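This report describes selected local features of a single structure, with the criteria behind each term. The sequence and coordinates are displayed first, and the discussion follows.

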Amino acid sequence: MAAVQSFSKKASIAVIAIGCTVILGWIFDLQLLKSILPGLVTMKANTAVCFILGGFSLFIQQIRRAESTAIKHQKITKFLIFSCSFFIILITFLTLVQYSFSLDLGIDQLLFKESYKLTSPGTPGRMAPNTATAFLLLGTALLLLSERRPKYLGVQILSCSAFFIAFLGLIGYIYGKALFYRIGDYTGMALHTSAAFMLLSFGILFTNPERGFIAVMASDRAGGIMARRLLPQAIIIPPLVGYFILSGERLQAYRSEVGISLLSVLNVIIFTVLIWQNAKILCTADRKRYRAELGLRKAKSDLENKVEKRTLQLQIANEQLQQQIFDNSSLAAILEATPDFVGICDLEGYAVYINKAGRKMVGINENEDISKRQVAEFTAASARSTWKQAIATAVSGGVWSGETAFVSASKLEIPISQVIISHSASGGKLAYISTIARDISDRFQAEQALQVSQARFAGIVEIADDAIISVDADQKIILFNQGAERIFGWTAAEAIGQSLNLLLPEAFVAPHSHLVSNFGDGVKQARNMGNRKEIFARRRDGTQFPAEASISKLEVAGEIIFTAILRDVTASRQAEEFVRLSEERYRSLAMATAQMVWTTNASGIFDRPQPDWMAYTGISLEEKDNSIEAVHPEDRDRTRQAWKRAIETKSLYEVEHRLRAADGSYRHFWVRGVPLLAADGSIREWVGTHTDISDRVQVLEALKQSEGQYRSQAAELEKAVRELHQAQTQLIQTEKISSLGQLVAGVAHEINNPINFIYGNITHASQYATDLLSLLNLYQEKYPNPVPEIVEAAEDIEIDFLMEDFTKILESMKVGADRIRDLVVSLRNFSRLDESQMKLVDIHEGIESTLLILQHRIKANVVRPAIEIIKEYGNFPPVECYVGQLNQVFMNLLGNALDALEEYNSSHSSKEIYSHHNRIRISTSANSDTVTIRIADNGMGINQEVIHKLFDPFFTTKPVGKGTGLGLSISYQIIVEKHRGKLQCISAPGEGAEFVIEIPICQEVSALAVENTKEMVISQ
């Protein structure tokens, strides 16, 4: 199996080498590298690139399967494999597309230009179609092979198909038949291309030989052996035999019939010999296997007999041993009373005796049978290797002692101290093994706790920022942590063993020695030296620095050890100096500023004199609890809330209030206070200022008054601009509609003249055609046998069909002319936009004209059936109105209804659309004074929030580019302002929408009613 996988890797390297060699041939124009032999087909540059990519992909896959790499590297290799396979598929797919559609995408000579000859078949630089097909198969196989769980059967089928294409090409070169390696007049497959294909196909097949149908060949069974022997011979021998027979035919040694007969006979002979030879080898292997099976059966039988005899002997010895043990009743009582584990086992490791304490230790009941349990079962998994070594030592040396571990019935490890003793019989032969074990869990836990404590102490010492130094009674350094290394500049290796004077300035050596001597003679065990006086230490570079230190004394084994913890306080001294200078600057600033500066305690009470604040308010320090009385009564609640909020959030205190001066007058102040926090996060004190802003407040009041005036003027101006913009927009829209009406009227007029001419002449044309056809029928009746020329001409023009279809054509033209006339009439009716006078008109004509113009949106399409138009017209006299403007309203409302139905269709399936037919209902009615037009659809409906804004200018619910928001606004003005009517929308989500128009039948009566109403209102 490993050899087969190794062949796969070697095959990938060989394919890469072939591709690189051909690329070199193209670079240096070496014909030998491009085509091997003169006159043969060259391997194209794209083919060589694909071989390099395929070999590289296969090589990476072999490496990935052989090694377990990190996830990051696995992602990189998977990306490389996918990229190589994808480029192979892309190049070959584009090549096949070029062949299929006779295209030239420019990929064939992208790398190298190939000279074109008239005698050369195919396109220069383009790989052969069979080559592209084989690459497409192998690229797909490599892509499938890179998956996490490849489908090896599909991969192997693709590889075998590519191998078959390459093998045909090789046979074509062997037999000299271009048919096998060239398709038609296209480029052929090169000789070394077919060889490289066969190598790459075998490499992919043998990538994982234990899967797919290749597993049959790779198996060690009889089928695999026979396949490995027969398959190479079946592939190689028939082509060679065919080659020799074809050579004989070409030398005219015999005719083709003899050659075919000879090929058949030789194939039968060769394969008969091969089959007989493989059958002989398989029979020989089968005989050897049978003999081996007989030998194994005999050996198994002998082994079973020996095991039986040995088991009987051990049972007898075990019974004797137990009898010897329990004969001595005193010894048994001692063993049962001992708190340690005592056990005896035979030479096979089976327990013979375990005392009461031992049974309790490992979780065995007192009456439980232990003859079938081995002592090794009680040993913990972590101590199995030690147990085996201990038994070996006890058997060879007689006794072993040490520490191991038992495991209880609850799987809990029990550390033990164990002694194992081997016992011999009277003849010196080993008889049994005994063991005594003591539970040392308490000691083990104490040792672990000590180790943890020591490790914790060592960790604390090493990570401490302070210097921790220990010295002995002679002032020699014995401990020097990392903090000390960082502070003093000496390493632990350099400092340990040196005198402590190494770290002290010369002026402090003698006092320090005297101080330590007195401390050592005293009873006190620890002293904080930093609180007594300033201490200075010396770094390695000789610089001195202030420090705080504490020292402790510990006596260990009669020896005194001093340990000092020292902290460099250079930074804190500098910070204290900085704070002192900052306080001085603050005091100077407070004196120089024009503001009142104050400080309070954490509760906001003055705890020290406040000269500026007290001088202004006239309140003394004794009246500090009543400081809020100085604030204006109207501002006190706001001041208290701001102060409470600042204390709770520990944030900036800001408020504006009026403060009473000593003379009783009030001025406006802006107050700011900053909390100063203690180390624990609590407020230590407050520092703040009072800034007089009375002048600013007066200016702001004046600005507010002027701002109110300006705002009212700006609002009026904005309203005027908005009305002007609305009027301008409506005027532009009206002009557009008027221009459109003029255009439509002109187009209708221009179409009307020629269509009248066509319509007027169709009647005469129909009569003339009828007369001519009657005359032609009469000719056919009276002259049934015309001359051949007339018969031939009649057949050429298909006279019978022409006579039948001509009248139908004229009828179709008449129907079309009628349709165009109706459309022209509708356009002329709809285009009466420029009529400035009101007229009495039938509004039903305007509705019908609008529906005719919108017919292209109403009829059926691929998404929906035709929209159903339900007309419920009432009977009433003509209505006085502006015809064109009213038609514009109909157009807007019907267009919106169609848009609503399209919106409904876009959000529903075809099944729902066909089950819920789109429908528009138009109904008209009238009473004595008004006429009502209702236009309703069964679309999505409108919610109440949108209905309230529906007639506002520029309001639209349509997407950008589909609506301006002016249609309904203009319609509302036309109905309400121009016709003194009403326009309203009645709708709910999911129930469609209905627009209701009410206009007076006679505008003069309506105007008179409006004037009377106005007079009544004025008089009241």
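Asp635 counts as buried, at 5% relative accessibility; buried means under 20% relative accessible area, exposed over 50%, and partly exposed in between (1.4 Å probe, protein chains only). The model is a predicted one, in which local features need pLDDT of at least 70 and side-chain atom pairs count only at pLDDT 80 or more, whereas totals for chains, interfaces and linings use all residues. Residues are numbered from 1 along each chain as its sequence is written, and side-chain values use heavy atoms, with hydrogens and water left out.

Asp635 is located in the loop between helix H19 (611-617) and helix H20 (636-649). Helices (H or I, at least four residues) and strands (E, at least two) are DSSP runs, numbered from the N terminus. The side chain of Asp635 reaches the backbone nitrogen of Arg658 at 2.9 Å. This is a polar contact, that is, a pair of N or O atoms within 3.5 Å; within protein, one must be able to donate a hydrogen and the other to accept it, and residues adjacent in sequence count only if both atoms are side-chain atoms. Asp635 and Arg658 also belong, with Glu634 and Arg638, to a network of salt bridges.

## Salt bridges

The structure holds 24 salt bridges, each defined as a side-chain nitrogen of Lys or Arg within 4 Å of a carboxyl oxygen of Asp or Glu. One of them joins the side chains of Asp466 and Arg567 (2.9 Å, N to O). Asp466 lies in the loop between helix H14 (441-463) and strand S6 (467-471) and Arg567 lies in strand S11 (residues 559-568), so this pair ties together parts that are 101 residues apart in sequence. Asp466 counts as buried at 16% relative accessibility, while Arg567 is partly exposed at 45%.

Glu629 and Arg636 form another salt bridge through their side chains (3.6 Å, N to O). Here Glu629 is partly exposed at 36% relative accessibility, and Arg636 is buried at 17%. A further bridge joins the side chains of Asp29 and Lys34 (3.0 Å, N to O). Asp29 is exposed, with a relative accessible area of 57%, whereas Lys34 is buried, with a value of 7%.

Asp29 lies in the loop between helix H1 (2-28) and helix H2 (31-35). Asp29 and Phe112 are 83 residues apart in sequence and 9.9 Å apart in space, C-alpha to C-alpha. Ala351 belongs to strand S2 (residues 351-354) and is buried at 3% relative accessibility.

Most residues other than glycine have a negative phi. Ile36, although not a glycine, has a positive phi of about 70°. Ile36 is found in the loop between H2 and helix H3 (45-66) and is partly exposed, with a relative accessible area of 31%. Glu798, likewise not a glycine, has a positive phi of about 55° and lies in the loop between H22 and helix H23 (799-830).

## Surface patches

Ile174, Ile236, Leu240, Tyr243 and Phe244 make a nonpolar surface patch of about 470 Å². Patches are made of residues with over 30% relative accessible area and no salt bridge; like charges are joined within 9 Å and nonpolar side chains (Val, Leu, Ile, Met, Phe, Trp, Tyr) within 5 Å. Accessible areas come from the Shrake-Rupley method with a 1.4 Å probe, and for residues only the protein chains shown count as cover. Helix H9 (residues 222-250) contributes the largest share of the nonpolar patch, 4 residues. Phe244 is found in H9 and is exposed, with a relative accessible area of 57%.

A patch of negative charge on the surface gathers Glu789, Glu792, Glu795 and Asp796. Asp and Glu count as negative and Lys and Arg as positive, with His and the chain ends not counted; the place of a charge is NZ of Lys, CZ of Arg, CG of Asp or CD of Glu. Asp796 is part of helix H22 (residues 788-796) and is exposed at 60% relative accessibility.

## Helix H24

Of the 11 residues of helix H24 (residues 843-853), 8 are buried, so the helix is largely enclosed by the rest of the structure. Among the buried residues are Ile843, His844, Leu851 and Leu852. At the start of H24, a side-chain oxygen of Asp842 comes to within 3.1 Å of the backbone nitrogen of His844.
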